[in-house]
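Please look over the model below before reading on. My notes follow it, point by point.

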Amino acid sequence: MTSDLIGQPVDMLAAMLRQGRTSSVDLVSSALERIAAVDGTLQSFVCLASDAHEHARCADVEISAGGWRGPLHGVPVAVKDNYLTSDMPTRAGTSAPGIAFEPRDSSVVARLSAAGAVIIGKTRMHEFAWGNTTPPTRNPWDIARVPGGSSGGSGAAVAAGIVPIALGSDTGGSIRIPASLCGTVGLKPTFGRVSGAGVVPHSWSLDHAGPLSLTVADSAHVLNAIAGHDRGDPGTVPVEVPDFATALNQPINGLRIGVCRNHFFERNETGVLAAVEEAIAYFRDSGAVVIPFEMPILAYGLGAIFAIELSSSTAYHARNIADRHIEAFTDDVRILIEMGRLVTGPDYLKAEQFRRVLMQELARIFASVDVIVGPTTPLTAWPIDENTVQIDGTEESTLAASWRLTYPWNLAGLPAISLPCGFDGRGLPIGLQIAGRPFDELNVLRAAHAYERGHEWKDARPSIQRGGQSDGINP
Amino acid sequence: MQNATDETDELFEAIGLDLDTERRSVVLAAFRPIAVEIAKLRSLDLGDVYPAVVFSPVPGMAEEPKETR
C-alpha cells in the first residue's frame with residue numbers, strides 16, 4: 001500500500017526520489033491507488049494517461065543516473081481538461097457531441113514535461129470554464145458540497161491527496177475559488193507571466209494559467225517550470241523570470257501589507273471574516289506594517305468583468321452558436337454564451353477603459369504597499385444544488401458571491417494567491433488571498449509562505465476514505 | 001405601422017440573437033441583474049481614458065487550440 005505517500009508536498013517527494021527512498025513509478029502507482037479508492041465519489045478526474053508509468057520509469061532512470069532536472073522530476077501532476085495534451089483527449093468540460101480539440105501539448109504541459117513532471121491525467125472542470133461548481137465533482141471536506149470552479153477537479157484532486165499539484169486556469173477566480181473551498185493553495189500569476197498557448201480560451205484578456213498545490217513552495221516550483229515568454233501566446237511578456245523559490249523562508253519585517261477595507265470586507269460570512277482578521281493580526285505581530293485603504297471604484301467592477309467575459313466568450317463560441325452545438329451545452333453555460341450578444345461594443349470598450357483606471361488606481365496604492373491581503377471568497381463551500389446564499393442578511397446568488405473578491409485581480413491582471421487560513425464552524429476550509437504588483441510574484445509568495453509556515457493549516461487533510469465518506473478534519 | 005413584437009424581433013435579429021420567443025425570455029431574465037451592473041459602468045465618465053486593450057501592428061503568433069470535427 002503506497003497511497004499515503006502521494007499526499008505529501010513536492011519538496012518531500014523530490015528529496016525521497018533523489019535519495020532513492022521512493023521511485024516515480026511508486027508515486028504514479030500511489031496516485032492511481034488513491035484515485036481507485038476515492039475518485040468514484042469525488043469524480044475529480046475525467047481521463048487518465050495510459051503512458052504515465054512509462055514516463056515514470058524514464059524519470060527513475062534519469063534521476064538514478066544523476067540527471068535530476070529539478071523538484072518536479074518524477075512527480076505525478078494533473079492538468080485541467082482545457083489544457084491540450086497530445087496523448088489524452090481534451091474536452092474543456094463539455095460533453096456536447098461534435099466538439100473535439102487537436103491532440104498536441106499546450107505550452108504549459110510541454111514545460112511541465114520538460115521539467116520532468118509525470119502527467120497522470122486530466123481533471124474535471126465546469127463546462128468551458130463558465131461556472132464555479134464543476135458538477136459532478138464533490139468537495140473532499142464534505143461530499144455534499146461543491147468544490148468550487150471552474151478548476152474544481154484540480155482543487156478536489158489536490159485536497160484529497162491524489163496529486164500534490166494540479167494545473168488550473170483562472171478567468172474570474174477559477175484557480176483561487178476551488179483552492180479556497182477545498183483548502184489548497186492556488187496561484188494566479190500575473191497576466192503574461194505564463195503562456196496560455198494551447199489552453200482552450202474562455203476570455204482572452206482575463207484567462208490565466210497556474211497551479212493548485214498542497215503548499216506555497218509547490219506552487220513556486222511549478223511557476224519556475226512554466227513561467228516565461230512564449231511566441232505562441234502574444235499575451236506573454238518578455239520580462240525576466242526570477243527563481244520563485246527565493247521568495248520562500250524570507251522574513252516579512254517591514255513588509256507593507258495593504259488591506260482594502262471596502263469591497264473585500266463587505267458581506268463576508270462570520271467565520272471567514274474572523275479567520276482573515278486573525279491572519280492580518282498575524283502579519284502585524286510578525287513585524288509587517290498593515291496599511292488600510294479604500295478603493296471606491298471597485299463598485300463598478302462587476303459590470304466591467306461581465307461585459308468583457310460575456311462578449312469574449314460569445315465571440316469564441318460563434319461557431320458553436322452557428323452550427324447549434326450550443327444546444328447540447330448545459331443550460332447555465334448556454335444562457336451565458338447566448339446573452340453575450342446583449343453586451344454592446346461601447347459596453348465592452350467602457351469596461352476596457354475601466355480596467356485602465358483600475359490599473360492606475362492600483363499602481364498608486366502599490367506605491368505605498370507591497371501586497372494586498374483579504375479573503376479569497378466571502379463564503380465557504382456551499383451545498384450542491386444550492387444556488388443562493390445569505391450573507392450578512394443579504395441574499396445573493398452563489399455565483400455572484402463566490403467570485404466577488406477574486407475577479408478584481410483578473411481585471412487588473414495582477415498576481416494573486418489563495419492559501420488556507422482556517423476552518424469555519426462546519427469544518428470547511430477558508431481561503432486567504434494575497435495580491436501583488438505586476439510581475440511581483442516574489443512578494444506574493446514571500447508573504448504567503450511566511451503565513452503558511454507560522455500555521456499548521458497545510459497539514460490538515462480531509463479524511464475521505466475508500467468508498468468516499470468524509471470524516472471531516474484530520475489534522 | 002410595425003407593432004412592438006415586430007420591432008423586438010428586428011432588434012434581436014440586428015444584434016444576432018437568433019432565439020425563439022420562449023428562449024429569448026429566459027436569456028433576458030438571466031441578463032437582467034447583469035444589465036444593472038453594466039448600467040452602473042455606463043454611468044462612469046471615462047471619455048478621456050485610453051482602453052486597456054491596445055492595438056499593435058505587429059502580428060501575434062497565437063497558437064490557439066483548434067477544434068477538430
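1. Basis. This is a predicted model, in which local features need pLDDT of at least 70, side-chain atom pairs count only at pLDDT 80 or more, and totals for chains, interfaces and linings use all residues. Residues are numbered from 1 along each chain as its sequence is written, chains are lettered from A and ligands numbered from 1 in the order in which they are written, and side-chain values use heavy atoms, with hydrogens and water left out.

2. Confidence. pLDDT is the predictor's confidence in each residue, on a scale from 0 to 100. Chain A averages 95, and 97% of its residues score at least 70. One stretch of chain A falls below 50: residues 466-475. Beyond near neighbours in sequence, that stretch still has 30 contacts in the model; a contact means heavy atoms within 4.5 Å. For chain B the mean is 85, and 91% of the residues reach 70 or more. The complex as a whole gets an ipTM of 0.90 and a pTM of 0.95 from the predictor.

3. A helix pair in chain A. Helices (H or I, at least four residues) and strands (E, at least two) are DSSP runs, numbered from the N terminus. Take helix H2 (residues 24-42) and helix H3 (residues 52-64) of chain A: their axes come within 7 Å and cross at roughly 150 degrees. The axes are lines fitted to C-alpha atoms, for helices over the stretch in contact, and angles run from 0 to 180 degrees between N-to-C directions. H2(A) is therefore roughly antiparallel to H3(A). The cut-offs are under 35 degrees for roughly parallel, over 145 for roughly antiparallel, 65 to 115 for roughly perpendicular, and oblique for the rest. H2(A) brings A:Ser24, A:Val25, A:Val28, A:Ser29 and A:Leu32 to the contact. H3(A) brings A:Ala52, A:His53, A:Ala56, A:Arg57, A:Ala59 and A:Asp60. By class, that gives six nonpolar, three polar and two charged residues. Here Ala, Val, Leu, Ile, Met, Phe, Trp, Tyr, Cys and Pro count as nonpolar, Asp, Glu, Lys and Arg as charged, and the others, Gly among them, as polar.

4. A second pair in chain A. Helix H8 (residues 270-285) packs against H15(A) at an angle of about 100 degrees, with the axes 11 Å apart. The two are therefore roughly perpendicular. A:Ala279, A:Tyr282 and A:Phe283 of H8(A) meet A:Ala447, A:Ala450 and A:Tyr451 of H15(A). This contact has six nonpolar residues, no polar and no charged ones.

5. Across the chains. Which helix of chain B meets H11(A)? H2(B) does, through residues including B:Arg23, B:Val26 and B:Phe31. The H11(A) side consists of A:Asp331, A:Arg334, A:Ile335, A:Glu338 and A:Met339. The axes of H11(A) (residues 331-339) and H2(B) (residues 21-42) come within 10 Å and cross at roughly 80 degrees, so the helices are roughly perpendicular. The contact has seven nonpolar, no polar and four charged residues.

6. Salt bridges. A salt bridge is a side-chain nitrogen of Lys or Arg within 4 Å of a carboxyl oxygen of Asp or Glu. The count over all chains is 23. A:Arg193 and A:Glu441 form one, at 2.9 Å from N to O. A:Arg193 lies in the loop between strands S5 (185-188) and S6 (208-213) of chain A and A:Glu441 in helix H15 (residues 441-453), so the pair ties together parts 248 residues apart in sequence. Both residues are buried (under 20% relative accessible area; exposed is over 50%, partly exposed in between; 1.4 Å probe, protein chains only). A:Arg364 and A:Glu361 pair at 2.8 Å, three residues apart in helix H12 (residues 345-365) of chain A. A:Arg364 is exposed, at 53% relative accessibility.

7. Helix H7 of chain A. Of the 11 residues in this helix (216-226), 10 are buried. Among them are A:Asp218, A:His221 and A:Leu223. A:Gly228 follows the helix, with a positive phi near 135 degrees.

8. A buried loop residue. A:Ala92 sits in the loop between strand S2 (76-80) and helix H4 (107-114) of chain A. Its relative accessibility is 0%, so A:Ala92 counts as buried.
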